[in-house]
Amino acid sequence: MCRLLIGPAAGVSGDDRNSIMVMPDFSMQVPCELDPNYSLLIEDDGRVAYAYLIEYGDITGDVWLYNHREAMKQVDWNDQQMPWLNPPEYLKNNASITPITNKDQVRCEWNESPNDGLIEVSISLRGRFIAQILSGSKPGWSTLVVKDGPLAQVY
């Protein structure tokens with residue numbers, strides 16, 4: 001069974017907000033243990049997976065999690081289908097992740113920054129820490145990248 005997402009949750013922004021993208025089954029939302037106004041949305045469309053930090057119903061942070069297949073080496077960010085695959089030049093050699101198939105494979109650890117009170121979430125897949133998102137981080141940080149890019153920063 002597939003579901004349709006319209007707008008920002010589908011990775012659509014600007015003038016493309018009325019576009020419709022078909023998303024496969026795997027999607028999960030994890031509520032924040034510290035503040036009910038926050039949650040984490042993980043979506044895998046069969047090509048690529050992303051995590052989105054939701055604050056009061058708005059996406060305030062995002063990070064690329066993994067590709068299902070290798071992206072093209074030369075990327076035209078304006079022409080590639082969204083959500084974007086992360087190109088090989090940004091990825092570590094061990095960036096291959098088996099796609100998530102059930103919620104038990106995901107662990108989220110929520111924290112509140114002592115300096116500014118911002119909520120952050122660390123994401124682990126099958127016990128392996130792979131990403132972190134802080135409110136306002138677009139993009140967040142990944143342990144699977146070798147250089148900062150538009151989809152993830154080096155953790």
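This is a predicted model: local features need pLDDT of at least 70, side-chain atom pairs count only at pLDDT 80 or more; totals for chains, interfaces and linings use all residues.
Student: Why is Asn86 called buried?
Tutor: Its relative accessibility is 2%, and buried means under 20%, so Asn86 counts as buried.

Student: Where is Asn86 placed, and which residues does Asn86 touch?
Tutor: Asn86 lies in the loop between strand S6 (58-67) and strand S7 (106-112). Leaving aside residues up to four places away in sequence, Asn86 touches Trp64, Asn67, Ala71, Leu91, Val145 and Leu151.

Student: What makes Tyr56 exposed?
Tutor: The relative accessible area of Tyr56 is 56%, and exposed means over 50%; therefore Tyr56 is exposed.

Student: What is the phi of Tyr56, and where is Tyr56 found?
Tutor: Phi of Tyr56 is near 50 degrees, a positive value in a residue other than glycine. Tyr56 sits in the loop between strand S5 (48-55) and S6.

Student: Why is Arg126 called partly exposed?
Tutor: Arg126 has 39% relative accessibility. Buried means under 20% and exposed over 50%, with partly exposed in between, so Arg126 counts as partly exposed.

Student: What is the phi of Arg126, and in which loop is Arg126 placed?
Tutor: For Arg126, phi is near 50 degrees, which is positive in a residue other than glycine. Arg126 belongs to the loop between strand S8 (119-125) and S9.

Student: Is the peptide bond from Lys138 to Pro139 cis or trans, and where is Pro139?
Tutor: That bond, from Lys138 to Pro139, is cis, with omega near 10 degrees. Pro139 is in the loop between strand S9 (128-134) and strand S10 (141-142).

Methods
Residues are numbered from 1 along each chain as its sequence is written. Side-chain values use heavy atoms; hydrogens and water are left out. Helices (H or I, at least four residues) and strands (E, at least two) are DSSP runs, numbered from the N terminus. Buried means under 20% relative accessible area, exposed over 50%, partly exposed in between (1.4 Å probe, protein chains only). Contact means heavy atoms within 4.5 Å.
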